[in-house]
Amino acid sequence: MMKTALLVAIAAILGTMLLALVRALRGPSVYDRIVAANVFSTKTVLLIALITYLTGHADLIDVALVYALVNFVAIVTVLKLVRERNLAPAKDPGDHRPDV
């Protein structure tokens with residue numbers, strides 16, 4: 001019974017990942033695409049965690065945690081790139097593009 005519930009959860013996560021992928025490809029704005037990429041990566045972490053529980057290989061949790069950290073750094077970097085149009089640090093604290 002529990003194994004069936006986990007397989008249903010994996011199928012639901014895969015469906016959500018497919019929807020996020022569609023939104024990432026068709027999103028009306030760049031921010032929608034960034035959020036969809038973040039959702040896709042978060043669902044990937046959940047999928048790895050469920051597969052870890054299902055198979056009993058506890059070492060895959062480390063992979064999920066590293067993937068989550070890389071996802072966080074990547075999303076913050078992409079958001080800075082979109083906002084500032086440059087990854088270099090600002091010359092002084094007040095020297096950045098004003099919010100639009």
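Arg85 comes directly after helix H3 and has a positive phi, near 60°. The model is predicted. Helix H3 covers residues 60-84, and its buried residues pack against H2.

**Helix H3**

- H3 has 25 residues and reaches 36 Å from its first C-alpha to its last, close to the 36 Å expected at 1.5 Å a residue.
- Ala64, Asn71, Ile75 and Val82 are the buried residues of H3.
- These buried residues pack against H2.

- Side chains of opposite charge can pair when their charged atoms come close.
- Arg83 counts as partly exposed because its relative accessibility is 37%, a value between the 20% and 50% limits.
- Glu84 also counts as partly exposed, with a relative accessibility of 24%.

**Nonpolar core**

- Six residues form the largest nonpolar core: Leu6, Ile10, Ile13, Met17, Leu47 and Leu50.
- The most is given by H1, with four residues.
- In soluble globular proteins, nonpolar side chains tend to be buried together.
- Ile10, one of the core residues, touches Leu47, Leu50, Ile51 and Leu54 when residues up to four places away in sequence are not counted.
- Among these contacts of Ile10, Leu47 and Leu50 also belong to the core.

**Thr52 in helix H2**

- Thr52 is found in helix H2.
- Thr52 is buried because its relative accessible area is 6%, under the 20% limit.
- Leaving out residues up to four places away in sequence, Thr52 touches His57, Ala58, Leu60 and Ile61.
- Two of these contacts, Leu60 and Ile61, fall within the range of helix H3, residues 60-84.

**Nonpolar surface patch**

- Leu18, Leu21, Val22 and Leu25 make a nonpolar surface patch of about 380 Å².
- Leu21, one of the patch residues, lies in helix H1.
- Leu21 counts as partly exposed, since its relative accessibility is 40%.

Key: Residues numbered from 1 in each chain as written. Predicted model: local features only at pLDDT ≥ 70, side-chain atom pairs only at ≥ 80, totals over all residues. Heavy atoms only, no water. Core = buried A, V, L, I, M, F, W, Y, C linked by side-chain atoms within 4.5 Å. Buried < 20%, exposed > 50% of the residue type's maximum accessible area, 1.4 Å probe, protein only. Helix = DSSP H or I, 4+ residues; strand = E, 2+ residues; numbered from the N terminus. Contact = heavy atoms within 4.5 Å. Expected span 1.5 Å × (residues − 1). Patch = residues over 30% accessible without salt bridge, like charges linked within 9 Å, V, L, I, M, F, W, Y side chains within 5 Å. Areas by Shrake-Rupley, 256 points an atom, 1.4 Å probe, with all protein chains shown as cover. Salt bridge = Lys/Arg side-chain N within 4 Å of Asp/Glu carboxyl O.
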